[in-house]
Amino acid sequence: FPRAKASSLTTMENDQEIVGSLKHQLAKLFEESLRLTVPEESDVDPAIAPCQNPRFGDYQCNNAMGLWSKVKGKGTQFRGPQPIGQAIMNNLPASEMIDSCSIAGPGFVNVVLSRHWIAKSIRKMLVDGIETWAPKLPVKRAVVDFSSPNIAKEMHVGHLRSTIIGDTLARMLEYSNVEVLRRNHVGDWGTQFGMLIEYLFEKFPSGEVANDQAIGDLEAFYKASKQRFDSDPDFKERAQRAVVSLQAGDEKYRKAWSQICEISRKGYEKVYERLGVHLEEKGESFYNPYIPGALELLSQQGLIEESEGARVIFIEGKNIPLIVVKRDGGYNYASTDLAALWYRLNEEKAEWIIYVTDVGQREHFEMFFTAAKRAGWLPAEDDKYPKASHVGFGLVLGEDGKRFRTRSTETVKLVDLLDEAKSKCKAALIERGKDKEWTEEELDKTAEAVGYGAVKYADLKNNRTTNYTFSFDQMLNDKGNTAVYLLYAHARICSIIRRSRKDIEELKKTGTLDLVHPDERTLGLHLLQFAEIVEEACTNLFPNLLCEYLYNLSEDFTRFYTNCQVVGSAEETSRLLLCEATAVVMRKCFHLLGITPVYKI
Ligand code: ARG
């Protein structure tokens with residue numbers, strides 16, 4: 001997937017205060033040098049990337065080749081990319097960040113960072129807090145539209161992906177000081193409500209207040225009403241009239257509608273509570289009043305045409321147009337989304353609108369984004385704000401390779417899944433004798449943190465666009481790239497610190513940190529890369545990058561801990577600080593992934 005340029009992300013009006021990620025700081029130095037080296041190409045952005053091979057250095061500047069192709073034959077003093085690289089290196093301003101530089105290949109400038117500077121940066125984070133490492137993004141307010149189940153249909157494992165991925169993206173943006181409007185765009189409007197309401201009236205003719213017990217399983221209720229709709233023409237007609245009454249705002253119908261929504265809401269709120277996910281519901285019905293106005297704007301610009309009795313927007317390169325008013329005059333998913341986009345841009349003043357749904361909806365989003373661009377609501381260029389992004393994800397598969405289901409029901413209920421994860425974790429803890437050491441409450445809390453964390457992490461660690469296989473055996477394994485392994489690794493670090501019997505808060509104030517051993521330096525550098533990884537993960541909307549980072553971090557820690565004695569060594573203070581910094585960064589990763597850390601195992 002395309003990686004965003006660091007420099008375009010960090011430009012803000014007020015730059016003085018910003019330190020930014022390690023990569024950004026390096027980019028600043030190279031920007032200066034590039035300006036001095038080839039003043040005639042002053043708008044070139046520094047291309048800074050970690051070195052592929054750590055033998056060459058930590059980071060590399062790859063601008064020489066590109067610059068050579070721009071300046072050659074234009075009377076330049078340079079005789080090839082190599083001398084340009086050399087000049088870039090020589091023109092680099094002095095900085096405490098850099099230990100040494102070298103030239104490799106066709107003008108790559110390799111940089112070895114100063115280990116004292118790495119240590120100093122980590123010390124500073126320990127004192128000032130991990131919030132000071134937050135990336136800076138060029139937006140102030142974003143909408144994350146996620147989870148968004150449909151009323152009267154049970155949330156299933158597909159909605160789990162949207163909820164988990166959306167929550168993580170929201171958390172990363174929030175950490176980056178973006179104000180996030182977490183929107184639950186529930187499917188609470190549309191023709192299916194006609195049959196639901198009519199069926200409700202049929203079951204409760206006297207109009208008594210229906211509650212969840214009375215209706216029972218809403219999914220079954222939905223199926224039963226659908227069956228009535230399909231089999232009885234009389235019912236069907238009444239259902240169709242019910243839609244009209246509902247849309248006209250008839251009180252009796254509105255009340256029935258809101259009862260049905262409320263029962264559904266109670267169901268999915270239970271799931272959000274368990275997952276620790278916070279959302280604000282603004283369902284499809286909310287945007288209904290804005291549809292005529294939004295369509296009017298598009299119409300004024302000549303975007304809407306008549307086709308086969310419907311009103312549509314033709315999109316270049318697409319075989320079928322985007323229908324915005326159906327033949328029967330009703331609105332649909334697309335008209336609601338256009339109105340919602342208008343609202344989010346103009347009323348809520350969001351600069352980035354992010355939609356998290358399965359990849360199957362890509363076409364829908366592509367089409368209505370294109371319509372919005374043609375209307376001038378969004379800029380034509382994808383790297384400009386305001387921006388709309390579709391975050392598509394693949395299917396969840398069962399171990400048989402088919403769409404994830406249980407034997408008894410069509411889809412897997414989310415709550416059952418979470419229950420099972422928790423109970424499996426609790427059993428594992430008891431097997432390890434923890435019930436003799438811990439209170440029942442501690443046992444439950446840990447089982448929840450590990451169980452729910454495992455479900456989330458197993459989802460997030462995959463590139464979201466691919467399908468993944470749901471397997472408790474895999475996700476609850478305490479070895480390999482799982483939340484269980486990572487949570488335990490963190491708890492182990494905490495126990496190292498505890499066992500030293502040192503006051504870590506005191507050490508943070510007075511202790512010094514040095515990264516003498518190569519494994520200490522590697523770990524330290526990796527810690528310092530946290531900010532740029534978060535920046536990349538949320539700019540490109542790929543949470544798996546953060547998971548990958550976290551897993552590698554814990555591997556680096558293991559290598560350090562295997563090769564460097566901590567407690568009782570001459571370097572104890574420094575190494576305890578390094579342990580603490582690792583634990584702090586790991587905890588921040590957990591937090592961004594929506595996982596609750598555990599402190600003892
Ligand atoms: N309710 C839809 C579904 O379950 C997802 C809504 C996504 N958000 C949006 N603005 N279209 O497929």
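Analyst: Helices here are DSSP runs of H or I with at least four residues, strands are DSSP runs of E with at least two, and both are numbered from the N terminus. The model is predicted, so local features need pLDDT of at least 70 and side-chain atom pairs count only at pLDDT 80 or more, while totals for chains, interfaces and linings use all residues. Residues are numbered from 1 along each chain as its sequence is written.

User: Where does S148 lie?

Analyst: S148 has a positive phi near 40 degrees although this residue is not a glycine. Its place in the chain is the loop between β5 and α6.

User: Is S147 buried or exposed?

Analyst: S147 sits in the loop between β5 (141-145) and α6 (157-175), and its phi is positive, about 70 degrees, although it is not a glycine. A residue is buried if 20 or more other C-beta atoms lie within 10 Å of its own, exposed if 12 or fewer, and partly exposed in between, with C-beta atoms placed from the backbone. Because S147 has 29 C-beta neighbours inside 10 Å, it counts as buried.

User: Which residue does a cis peptide bond join to Y385?

Analyst: The bond has an omega of about 0 degrees.
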